[in-house]
Amino acid sequence: MKAVMVCASVSHGNTRRIAEVMGRVLAARVVEPEQVDPAELADYDLVGFGSGIFTGQFHARLRDFVRSLPEGQRGRAFVFATSGLPELRIRPFTRPLVRQLERKGFEVTDTFSCRAYDTWLPFKLVGGINKARPDGSDLAAARAFAERLRARGARGAK
């Protein structure tokens, strides 16, 4: 299975740490949105899209990149995120990106999110929240998530 992960990690490197753990399991390159040609994504069996969450949304660089993708039949994808606050069941912050990727022709197989160090106002006033995250259990959860994706990919390749 050939995989790549498009990751916008800008504040504290939280999302990049998660992407690198997943990337090792999936043998995937981890690239910034500006480092990959949208047409190149057609060469991959699995594409991950992730960033930190800013005011309830994925980073603008990742959203702009996905918006720039042409519509058409594509392979499988997954979405991952880190955030200071938990994802709400009634309004998951992953949903808009998942829907946009599906409109572009991807089959979005799963999503992953975990808490992470956040210094966005007003959290900056108190030194931030989740200072020790992502921690070992978050990284282990990311690894297990990627192992499940890899196992599904291997079954799909048979």
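Figure 1. Thr 55 is exposed, with a relative accessible area of 58%, and the model shown here is predicted. The residue counts as exposed because its value is over 50%. Thr 55 is found in the loop between β3 (46–54) and β4 (57–58). The phi angle of Thr 55 is near 45 degrees, a positive value in a residue other than glycine.

**Figure 2. Ala 27 in the loop between α1 and β2.** Helix α1 covers residues 14–26 and strand β2 covers 29–31, with Ala 27 in the loop between them. Phi is positive at Ala 27, near 55 degrees, and this residue is not a glycine. Ala 27 has a relative accessible area of 66% and is exposed.

**Figure 3. The ring pair of Phe 78 and Phe 80.** The structure holds four aromatic pairs. In the pair of Phe 78 and Phe 80, the ring centres are 5.9 Å apart and the planes meet at 35 degrees, so the pair is tilted. Phe 78 is buried, at a relative accessible area of 0%. Phe 80 is buried too, with a relative accessibility of 0%. Both residues belong to a cluster linked by ring pairs, which also includes Phe 112 and Phe 145.

**Figure 4. Lys 2 over the ring of Tyr 44.** The view shows the side chains of Lys 2 and Tyr 44. The charged end of Lys 2 lies 4.9 Å from the centre of the Tyr 44 ring and sits over that ring.

Technical notes:
Residues are numbered from 1 along each chain as its sequence is written. This is a predicted model: local features need pLDDT of at least 70, side-chain atom pairs count only at pLDDT 80 or more; totals for chains, interfaces and linings use all residues. Side-chain values use heavy atoms; hydrogens and water are left out. Rings of Phe, Tyr and Trp (its six-membered ring) pair if their centres lie within 6.5 Å; planes under 30 degrees apart count as stacked, over 60 as edge-to-face and the rest as tilted. Buried means under 20% relative accessible area, exposed over 50%, partly exposed in between (1.4 Å probe, protein chains only). A charge sits over a ring if NZ of Lys or CZ of Arg is within 6 Å of the ring centre and within 35 degrees of the ring normal. Helices (H or I, at least four residues) and strands (E, at least two) are DSSP runs, numbered from the N terminus.
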